[in-house]
Amino acid sequence: MKTVSNRIALHCLTHWQKQGRDPEQLLLAAGIAQAELQLPQGRIDAQRHFRLLAQIAPHADMAHSWSPPSLTGLFTDFLPLASLCCNAASWRQALHFFLSFRPLIGECDRIVLQEEDGWARLSYHSESEHPDVIALCSLANLCHLYALLQFYHPGQGLLVLPTPVRPKLWRELAAWLGG
């Protein structure tokens, strides 16, 4: 069974609550007990994780609540991964460490790195079938990787996101690009 760190659910719950929404209803609908969020190194199965995100994703309004990605938000709950990535010999090594040990955060999606002729291509794959969940999670992962790049090469690279970034927009872009 694939799992995700309970810290992700806890962060989602905190964000939900800041928007004035009832956190108990969110947890109940996802099938997650409040006590599960308090367990050190706790894990939540992928099915309940995706149910939680499916409720949150349609309400994500990145135009009003988006801020530049930072390593602090990512690594606060994953200090061994932070230590490994922030003490690597290079950005490339940090990226390989991050991708190798990312299952500490969650196992129900993955990022694949393909390197060829000096270029690197990253692709995101989710086990969710919910388009809003895939859009939200891929954006979050992209932001984490961008923050790691900025740690090694401040001011280099450019994170270009559609404004406002919303899962609906991502679906429309995907349909347009695919068609």
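# A guided tour of the predicted model

Residues are numbered from 1 along each chain as its sequence is written, and side-chain values use heavy atoms, with hydrogens and water left out.

Reading from the N terminus, the order of elements is β-α-α-β-α-α-α-α-α-β-β-α-α. Of the 179 residues, 37% are buried, where buried means under 20% relative accessible area, exposed over 50%, and partly exposed in between (1.4 Å probe, protein chains only). Taking contact to mean heavy atoms within 4.5 Å, 60% of the contacts between residues at least 6 apart in sequence join residues at least 24 apart.

**First stop: the hairpin**

Select residues 109-116, which form strand β3, together with residues 119-126, which form strand β4; the two pair in the antiparallel sense over eight bridges, and strands are said to pair if DSSP finds at least two bridges between them. Within this pairing, L113 stands opposite L122 in β4, and the bridge partner of E116 in β4 is W119. Two residues lie between the strands of the hairpin, and D117 there takes a positive phi near 50°.

**Second stop: a loop with another positive phi**

Move to the loop between α2 (23-30) and β2 (43-45), where Q41 is found. Phi of Q41 is near 55°, a positive value in a residue other than glycine. Most residues other than glycine have a negative phi. Q41 counts as exposed because its relative accessibility is 74%.

Show side chains for L26, I32, L37, L52 and I56, which touch the most other members of the largest nonpolar core, a set of 19 residues. A nonpolar core is here a set of buried Ala, Val, Leu, Ile, Met, Phe, Trp, Tyr and Cys residues joined through side-chain atoms within 4.5 Å. Helices α1 (6-18), α2, α3 (46-56) and α8 each supply at least two residues of this core, and its largest share, five residues, comes from α3. Apart from this core lies another, of 18 residues, among them L71, L99, I105 and Y152.

Returning to I32, and not counting residues up to four places away in sequence, one finds that I32 touches L27, L37, I44, R48 and L52. In helix α3, select H49, which is buried, with a relative accessible area of 7%. Leaving aside neighbours within four places in sequence, H49 is in contact with V4, I8, I44 and C108.

Select residues 131-152, helix α8, whose 22 residues should span 32 Å at 1.5 Å a residue, in agreement with the 32 Å between its end C-alpha atoms; the expected span is 1.5 Å times one less than the number of residues. Helix α8 is mostly covered, since 16 of its 22 residues are buried.

Within α8, centre the view on N141, a buried residue with a relative accessible area of 8%. The side chain of N141 reaches the backbone oxygen of C137 at 2.8 Å, a polar contact being a pair of N or O atoms within 3.5 Å, where within protein one must be able to donate a hydrogen and the other to accept it, and residues adjacent in sequence count only if both atoms are side-chain atoms. Leaving aside neighbours within four places in sequence, N141 is in contact with R102, D109, I111 and Y124. N141 and L74 are 67 residues apart in sequence and 9.6 Å apart in space, C-alpha to C-alpha.

Finish with S128, in the loop between β4 and α8, where this residue is buried at a relative accessible area of 7%. The side chain of S128 reaches the backbone nitrogen of H130 at 3.0 Å, and, not counting residues up to four places away in sequence, S128 touches F50, V133 and I134.

Conventions:
This is a predicted model: local features need pLDDT of at least 70, side-chain atom pairs count only at pLDDT 80 or more; totals for chains, interfaces and linings use all residues. Helices (H or I, at least four residues) and strands (E, at least two) are DSSP runs, numbered from the N terminus.
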